[in-house]
Amino acid sequence: MKRRKYSRRAITKQLGSIAGGAALFGPGIASALARTPAQTEGPFYPPAPHAETDVDLTLLDGHTERAAGDTILVRGRVTDLDGKPLANARVDIWQTNHWGRYAHPGDKNPAPLDPNFQGIGIAHTDADGYYGFRTIRPAPYPLSAMGDSGMRPRHIHFKVAHETAGNITTQMYFEGDPLIEGDVVMRGTPAELRHLLITSAVEDPETGLPLHRFDIALG
Ligand SMILES: [Fe+2]
């Protein structure tokens, strides 16, 4: 089994217990060099102009109240297919608010908008390929808003672009979500690759918040 070139000590430090780290990384390590599967961008990338695109989606400038919902951290590393970290990759995320509504005029879901939720964030990876966001756990939403039936599982949309390694558009999911299995988008991803898009959480030792690790291999 080829292992990803993480420092074991750094992983343990970042993710807390070894048991938690092993649970989180089990499938990821075995598939370290598998290309992250692409999925549809969907219709709800927030239209410009964006009020803010920083890495904390839970707090807007000048607001005293944070976004509704459960705050989570999403961190990961962008690498090429050899596991080499990709610095200065641009990482865009966008997602629903706590009630399952996108801040997008095309979203016909009658769920409320959240004036305190940023809805989109843009990060650039550091020298070691890492990015990180603070956001809220998104909600499932009905496909009826798009003329379909069923519900989408909780997910965060990702667009990653690197000058030489290329681009990917995909979605990140939450382990244990019962809606994943029947999801219309997930059904388009080969069964043996789906685990690469599903994250579990460990407790972030610094903040106590749930930390979801989502690594992306470009190539
Ligand atoms: Fe979506």
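Author: Two strands are said to pair if DSSP finds at least two bridges between them. With that in mind, we can turn to this structure, which is a predicted model.

Reader: Which residue in β8 does Lys 159 stand opposite?

Author: Strand β7 covers residues 155–162 and strand β8 covers residues 166–174, and the two run antiparallel. They are joined by eight bridges, and at least two are needed for strands to count as paired. Within this pairing, the residue of β8 that stands opposite Lys 159 is Thr 169.

Reader: In what order do the five strands form the open sheet?

Author: Strands of a sheet pair through backbone hydrogen bonds, and they may do so either parallel or antiparallel. In this open sheet the pairing is mixed, while β3 (120–124) and β9 (198–199) are the edge strands, each pairing on one side only. Read across the sheet, the order is β3-β2-β7-β8-β9.

Reader: Which residues does Val 78 touch, not counting residues up to four places away in sequence?

Author: Val 78 is one of the residues with the most contacts inside the largest nonpolar core. Leaving aside residues up to four places away in sequence, Val 78 touches Leu 86, Ala 89, Val 91, Thr 125, Gly 129, Tyr 131, Val 160, His 162, Ile 216 and Leu 218.

Reader: Why does Gly 166 count as partly exposed?

Author: Gly 166 is found in strand β8, and, not counting residues up to four places away in sequence, Gly 166 touches Leu 218 and Gly 219. A residue is buried if 20 or more other C-beta atoms lie within 10 Å of its own, and exposed if 12 or fewer do. Gly 166 therefore counts as partly exposed, since the number of its C-beta neighbours inside 10 Å is 14.

Reader: What distance separates the C-alpha atoms of Gly 166 and Asp 80?

Author: Residues 24 or more positions apart account for 72% of the contacts in the protein chain with a separation of 6 or more. Gly 166 and Asp 80 lie 86 residues apart along the chain, and their C-alpha atoms are separated by 9.4 Å.

Definitions and conventions: Residues numbered from 1 in each chain as written. Predicted model: local features only at pLDDT ≥ 70, side-chain atom pairs only at ≥ 80, totals over all residues. Helix = DSSP H or I, 4+ residues; strand = E, 2+ residues; numbered from the N terminus. Core = buried A, V, L, I, M, F, W, Y, C linked by C-beta atoms within 7 Å. Contact = placed C-beta atoms within 7 Å.
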